[in-house]
Amino acid sequence: MAGARGSTTGRRWAGRRVLMLSVHTSPLEQPGTGDAGGMNVYVVELSRRLAAQGVAVEVFTRRTAGDQDDVVELAPGVSVRHVDAGPYEGLAKEDLPGQLCAFTAGLMRAAAQAPDGYYDLVHSHYWLSGQVGWLFAERWGVPLVHTMHTMAKVKNAALAAGDVPEPRGREIGEQQVVEAADRLVANTAEEAADLVRHYGADPGRVAAVPPGVDLELFRPGSTEAARARLGLPPDADVLLFVGRLQPLKAPDVLVAAAARLRASRGPGARPLVVAVLGGPSGSGLARPTALLEQAAALGVDDILLTRPPVPRAELADWYRAADLVTVPSYNESFGLVALEAQACGTPVVAAAVGGLREAVRDGVTGVLVPGHDPQDWSDVLGPLLADPARREGLGRAAVKHASGFGWQRTAEQMLGQYDAAAAAFAGRPGVRRAGGPAAGRVGPGPDAAALGLLEASG
């Protein structure tokens with residue numbers, strides 16, 4: 001498919017304005033802590049690529065600190081706008097459904113400062129945003145595109161031991177968004193099928209658009225130089241985990257596998273390092289030191305290296321420094337970590353779940369492990385660490401595989417889905433658009449003073 005800059009679709013959307021909703025987590029937050037993760041990266045990168053094609057993007061998110069500016073420019077053509085809804089701090093994601101009314105009111109107040117026809121489409125991310133987007137799109141008279149990223153019914157079908165199931169209210173909320181959206185965009189064909197199977201989505205309104213990877217940032221480089229910059233031993237076998245520390249992401253599976261792997265290695269084996277980059281999140285907040293306690297109990301605390309999330313440029317070095325990147329999650333809608341690691345030339349060992357089955361080519365760019373038995377993981381990791389030639393071959397194939405997932409391609413395909421949503425919206429009986437098309441007109445957003453929005457409630 002041609003790049004968006006020269007494509008018919010790209011030209012058709014140039015000068016238009018998309019309102020994106022990311023209610024529960026801001027694209028400005030550091031991925032790997034709190035509720036920030038792959039979705040944050042997705043919103044940032046997609047918005048940047050759309051803006052590069054002349055599509056103005058405004059991302060509305062909840063204010064989480066009193067000193068946050070009303071409007072922050074994320075990139076040329078992309079602004080992040082903060083909405084007051086509930087207390088700034090100490091509000092868990094599970095508490096946010098009670099603040100959706102406040103968020104929606106603030107969003108409506110901000111939009112009221114704009115002229116008719118100012119927004120051309122709403123793209124909501126995650127079910128909380130979908131609830132807000134549903135109302136806003138109806139009120140403004142524009143199409144609604146929704147991306148789930150994760151789904152309650154899918155997560156509940158594959159819970160980690162001791163994890164907390166998603167509430168029934170979320171399942172109901174997701175069902176409502178599925179029925180309201182003009183277009184549902186999934187990350188993979190499997191996720192698209194889940195929308196149809198679990199939520200009864202109309203297959204004609206569902207499409208799969210794979211996420212991308214920043215191929216300029218995540219690219220192969222010297223393992224030795226990366227380890228020197230990070231202070232890692234040059235002669236060690238390095239296993240890497242990147243992600244939020246919670247049962248869903250299963251870092252405990254890696255630690256348990258590393259304990260078995262270490263016990264099985266002979267006296268002349270290379271030192272083993274298990275590097276974990278991430279912060280407690282979700283149900284992991286109940287026991288933020290659980291991983292350290294587990295490592296101590298298994299006698300591998302001396303090889304466990306924990307670090308908080310790092311900036312994206314440094315993250316690329318961690319990928320290059322690792323011999324293998326592990327993604328043992330119980331569920332992943334896609335698995336951006338796996339794709340980023342492969343773009344850096346590092347093979348991935350991942351659980352054979354969800355989008356990881358598409359992000360990793362089993363036996364070609366890495367290995368997919370069925371299940372989460374630590375012994376099974378040890379049995380896969382050990383032979384790979386002992387076979388540098390095989391890892392090198394997997395790494396070469398990984399770079400080639402990742403090269404087909406650039407964000408430019410994602411943005412072009414997304415513009416096609418915006419077209420499809422607009423056509424579906426126009427075909428609805430009794431549709432009334434709030435204003436004329438905004439093509440060719442990208443001006444300043446609502447006055448910043450109007451974006452003080454509501455006083456904090458609740």
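## First stop: Tyr126 and its loop

Select Tyr126, which you'll find in the loop between strand E5 (121–125) and H4. This is a predicted model, so read everything here as computed from it. Check the backbone at Tyr126: phi is near 80 degrees, a positive value in a residue other than glycine. Is Tyr126 buried or exposed? Its relative accessibility is 4%, so Tyr126 counts as buried.

## Zoom out for a moment

Show the whole chain as a cartoon. How many helices and strands does the chain have? The secondary structure comes to 16 helices and 14 strands. Of the 458 residues in the chain, 57% are buried. Now think about contacts with a separation of 6 or more: residues 24 or more positions apart account for 71% of them.

Next, select residues 100–111, which is helix H3. H3 has 12 residues and reaches 16 Å from its first C-alpha to its last, close to the 16 Å expected at 1.5 Å a residue. Colour the buried residues of H3: Leu100, Ala102, Phe103, Thr104, Gly106, Leu107, Ala110 and Ala111.

## From H4 across to H6

Keep H4 on screen and bring in helix H6 (residues 168–180). The two pack at an angle of about 45 degrees, with their axes 9 Å apart. H4 and H6 are therefore oblique to each other, and their crossing is left-handed. To see the contact itself, show side chains for Trp127, Gly130, Gln131 and Trp134 on H4, and for Gly169, Arg170, Gly173, Glu174, Gln176, Val177 and Ala180 on H6.

Jump to Ala421 in helix H16 (residues 407–426). At 0% relative accessibility, Ala421 counts as buried. Try the distance tool between Ala421 and Val142: they are 279 residues apart in sequence, yet 9.4 Å apart in space, C-alpha to C-alpha. Which residues does Ala421 touch? Leaving out residues up to four places away in sequence, Ala421 touches Leu121, Pro143, Val145, Asp182 and Arg183.

## Another positive phi: Ala250

Go to Ala250, in the loop between strand E9 (237–242) and helix H9 (251–264). Phi of Ala250 is near 60 degrees, again a positive value in a residue other than glycine. Ala250 has 0% relative accessibility, so Ala250 counts as buried.

Now follow the chain into H9 and show helix H14 (residues 374–385) with it. Their axes come within 8 Å and cross at roughly 60 degrees. That makes H9 and H14 oblique to each other, with a right-handed crossing. On the H9 side, the contact is made by Val253, Leu254, Ala256, Ala257, Arg260 and Leu261. On the H14 side, pick Pro374, Gln375, Trp377, Ser378, Leu381, Gly382 and Leu385.

## H8 meets H11

For one more helix pair, select helix H8 (residues 223–230) and helix H11 (residues 312–321). Their axes are 8 Å apart, and the helices pack at an angle of about 125 degrees. H8 brings Thr223, Ala226, Arg227, Arg229 and Leu230 to the contact, while H11 brings Glu314, Asp317, Trp318, Arg320 and Ala321.

Stay on Arg320, found in helix H11. At 11% relative accessibility, Arg320 counts as buried. Set aside its neighbours within four places in sequence, and Arg320 is in contact with Leu217, Arg219, Pro220, Gly221, Thr223, Ala226, Cys344 and Thr346.

## Last stop: Glu293

Finish at Glu293, in helix H10 (residues 290–298). With a relative accessibility of 40%, Glu293 counts as partly exposed, because that class covers what lies between the 20% and 50% cut-offs. What does the side chain of Glu293 make a polar contact with? Show Thr289: its side chain is the partner, at 2.7 Å.

Conventions
Residues numbered from 1 in each chain as written. Predicted model: local features only at pLDDT ≥ 70, side-chain atom pairs only at ≥ 80, totals over all residues. Heavy atoms only, no water. Helix = DSSP H or I, 4+ residues; strand = E, 2+ residues; numbered from the N terminus. Expected span 1.5 Å × (residues − 1). Buried < 20%, exposed > 50% of the residue type's maximum accessible area, 1.4 Å probe, protein only. Polar contact = N/O pair within 3.5 Å; in protein donor to acceptor, adjacent residues only side chain to side chain. Axes fitted to C-alpha atoms, helices over the stretch in contact; angles between N-to-C directions. Parallel < 35°, antiparallel > 145°, perpendicular 65-115°, else oblique. Left-handed = near helix turned anticlockwise from the far one by under 90°. Contact = heavy atoms within 4.5 Å.
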